[in-house]
Amino acid sequence: MTEVEFFPALADDLDALVAIRIAAMRESLERIGRFDPARARERFAKSFVPAFCRKIVHQGQIIGFFALAINEKALVLEHLYILPASQSQGIGAHVLSIVFNEARVLGLLVRVGALRGSRSNTFYVRNGFCLVEQTEFDNYYSRSQGST
């Protein structure tokens, strides 16, 4: 696995994180005819809360980020994006191990959503998530603490 560090996101990171999100989702969104960088920026900017977001840094460069939220039933992985050039190196699995540990400490399930048709669906299932709901564009998954 590529050696990475995690740092809290800052409000000034918005543009860099949007660029990562767009790069990570581009292929999947193009495949379903919904790639729109302006819309992607607007949607992320509306919900961006730096306090809930962590940057993934490799050799001084931001290569990804993830954001968590807590509701009454679950720790929700709202975002997990890694630049395409840094994917498939174990970084996402490392992030999930952090998320799973936080959920265990809190006694919560972990929930996540993924764009239907995205390779991320395979990633989440491989890491113990079970499909609980489908909508027109998204799949929603849950993982209990006992999942492997």
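Which residues does Lys55 touch, not counting residues up to four places away in sequence? They are Glu5, Phe6, Phe7, Pro8, Ala9, Asp13, Leu17, Ile62, Gly64 and Phe65; contact means heavy atoms within 4.5 Å. This is a predicted model, where local features need pLDDT of at least 70, side-chain atom pairs count only at pLDDT 80 or more, and totals for chains, interfaces and linings use all residues. Residues are numbered from 1 along each chain as its sequence is written, and side-chain values use heavy atoms, with hydrogens and water left out.

**Lys55**
- Lys55 sits in strand β2, residues 53-58 (strands are DSSP runs of E, at least two residues; helices are runs of H or I, at least four; both are numbered from the N terminus).
- Lys55 counts as buried because its relative accessible area is 11% (buried is under 20%, exposed over 50%, partly exposed in between, with a 1.4 Å probe and protein chains only).
- Its side chain joins that of Asp13 in a polar contact of 3.2 Å (a pair of N or O atoms within 3.5 Å; within protein, one must be able to donate a hydrogen and the other to accept it, and residues adjacent in sequence count only if both atoms are side-chain atoms).

**Asn127**
- Asn127 lies in the loop between α4 (120-126) and β6 (130-134).
- Asn127 has a relative accessible area of 17%, so this residue is buried.
- The Asn127 side chain reaches the backbone oxygen of Phe123 at 2.8 Å.

**Val105**
- Val105 belongs to helix α3, residues 91-106.
- Val105 counts as exposed because its relative accessibility is 61%.
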